[in-house]
Each structure stands twice: as structure tokens, then as C-alpha cells.
Amino acid sequence: ISKNSQFISITHNDSIVKEADQIIGVALNKQKSSVIGLRLKGKTEEEKTDAMINLLGALKAKGGAFLNE
């Protein structure tokens, strides 16, 4: 894949998410959508995992509803 290409992927697959340079989380509540972005480029696997957990926690704190709830 070219270094000049960009992709948008909608997924919950951890293996794909961990390869991303940036992720954007979106959660829907009754009144609005909450959107939070994280830059992962240059982070270790452990830092990426922690960042994803923090992203989910932040979205949930904003009143987001998730499909598995």
C-alpha cells in the first residue's frame, strides 16, 4: 500500500484497529452523536490497547450506547 494512500475502515476488529495511525470513535445517545479521535502513530501495542480502552470509556461517559449492551 502506498504511503500516500488513506483508507477509512469501519470495524470492531482489534487487529485492524491496532494497525491504524488514527482512530475515531463514534457513539450515539438519544440526543446526539459523540465523536472522539485518537492518534496512534508511533505508539507501542500496549499504548494502543490502553488508548482504545480509554476511547471507549470516554464515549460511554458521554452517554453513548454500544451495540453489545
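What follows is a short chat about a predicted model of one protein chain.

Biologist: How many helices and strands are in the chain?
Modeller: Two helices and two strands. This is a predicted model, by the way.

Biologist: In what order do the elements run from the N terminus?
Modeller: α-β-β-α.

Biologist: What share of the residues counts as buried?
Modeller: 20% of the 69 residues.

Biologist: And the accessible surface of the chain, what does that come to?
Modeller: About 5,900 Å². Carbon and sulfur atoms account for 52% of that.

Biologist: Which residues make up the largest nonpolar core?
Modeller: There are nine: Val-17, Ile-23, Ala-27, Ile-36, Leu-40, Ala-51, Met-52, Leu-55 and Leu-59. Strand 1 (22-28) and helix 2 (45-61) are the elements that each give two or more.

Biologist: Which element gives the largest share of this core?
Modeller: Helix 2, with four residues.

Biologist: Take Val-17. What does it touch, beyond four places away in sequence?
Modeller: Thr-11, Ile-23, Leu-40 and Met-52. Of those, Ile-23, Leu-40 and Met-52 belong to the core, as does Val-17.

Biologist: Switching to Asp-21. Where does it lie?
Modeller: In the loop between helix 1 (14-17) and strand 1.

Biologist: Why does Asp-21 count as partly exposed?
Modeller: Because its relative accessibility is 46%.

Biologist: Which residues is Asp-21 in contact with, leaving aside neighbours within four places?
Modeller: Leu-38, Arg-39, Leu-40 and Lys-41.

Biologist: How many residues apart in sequence are Asp-21 and Leu-38?
Modeller: 17. In space, their C-alpha atoms are 8.6 Å apart.

Biologist: Back to the whole chain. Among contacts between residues at least 6 apart, what share joins residues at least 24 apart?
Modeller: 40%.

Methods:
Residues numbered from 1 in each chain as written. Predicted model: local features only at pLDDT ≥ 70, side-chain atom pairs only at ≥ 80, totals over all residues. Heavy atoms only, no water. Buried < 20%, exposed > 50% of the residue type's maximum accessible area, 1.4 Å probe, protein only. Contact = heavy atoms within 4.5 Å. Areas by Shrake-Rupley, 256 points an atom, 1.4 Å probe, with all protein chains shown as cover. Core = buried A, V, L, I, M, F, W, Y, C linked by side-chain atoms within 4.5 Å.
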